[in-house]
Amino acid sequence: MVEKKYVVENKQLLYEGPFSVPELYDTILQWAGEKGMEEEIKVKREFVEEKRRAREWILELWRELQHHIREVLRVRVLMKNVTQEKVKLHGKLQTLDKGEVLINFDGILETDWEGKWEQKPIVYFLKFTFERYIYKYTQRKYDNNVAADLQSLHDTLNKVLSKYRVRPTDKPG
């Protein structure tokens, strides 16, 4: 049975303005590739109305830290009121998506001790009890890895979105 510990829960990134949907998605996958993480798309939906669209993505990025410990970053991207507009950005007229973006991040540490009990149950029981209740060095070490990776992804996406912020002098007119 897998034990899930939420190290970071519901960290959010809010943005409203122009952005590039493909670049946002590619940035997440590129970041995961650089960190050596696998990705699994849980949900990828698009709701189309007459003039606007809404999108929802739920991705899980994960990697094995040890043979029984796995780091999972769950990223949920919600886009509302997305329209395509021409925006003057850095002196050039570009067609970009414009709308509201909400990104939720969860950092999870999964431990799976299944199969370990069959080898030497008393050793694994004592090790589990010691690491869980007495000296939490190993678990704390991996908690810090999960939190640091999640913050890195948050900062990367914030940087990508902030380059599209329209300054008052850049507005088309």
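**Confidence.** I noted that this is a predicted model. The protein chain has an average pLDDT of 86, and 87% of the residues score at least 70.

**Sheet.** I traced an open sheet of five strands, ordered β1-β5-β4-β3-β2, with antiparallel pairing. The edges are held by β1 and β2 (38-48); each has a single partner strand, so one side of each lacks a neighbour in the sheet. From one strand to the next, the twist averages 15°. I then examined β3 and β4, which pair in the antiparallel sense over 12 bridges. For E56, I recorded L78 in β4 as the bridge partner. Helix α1 lies across β1, β2, β3, β4 and β5, and runs at about 5° to β3.

**Core.** The largest nonpolar core has 33 residues, of which F19, L61, V77 and I103 touch the most other members. Two or more residues come from each of β1 (2-19), α1, β3 (53-66), β4 (69-89), β5 (92-112) and α3 (137-162). I noted that β4 gives the largest share, seven residues. Beyond four places in sequence, I103 touches residues including K11, L24, V77 and L161.

**Return to E71.** Is E71 buried or exposed? I recorded a relative accessible area of 0%, so E71 is buried. Setting aside neighbours within four places in sequence, I listed its contacts as M37, L61, W62, R63, L65, I108, N145, V146 and D149.

Note on methods: Residues are numbered from 1 along each chain as its sequence is written. This is a predicted model: local features need pLDDT of at least 70, side-chain atom pairs count only at pLDDT 80 or more; totals for chains, interfaces and linings use all residues. Side-chain values use heavy atoms; hydrogens and water are left out. pLDDT is the predictor's confidence in each residue, from 0 to 100. A nonpolar core is a set of buried Ala, Val, Leu, Ile, Met, Phe, Trp, Tyr and Cys residues joined through side-chain atoms within 4.5 Å. Buried means under 20% relative accessible area, exposed over 50%, partly exposed in between (1.4 Å probe, protein chains only). Helices (H or I, at least four residues) and strands (E, at least two) are DSSP runs, numbered from the N terminus. Contact means heavy atoms within 4.5 Å. Two strands pair if DSSP finds at least two bridges between them. Axes are lines fitted to C-alpha atoms, for helices over the stretch in contact, and angles run from 0 to 180 degrees between N-to-C directions.
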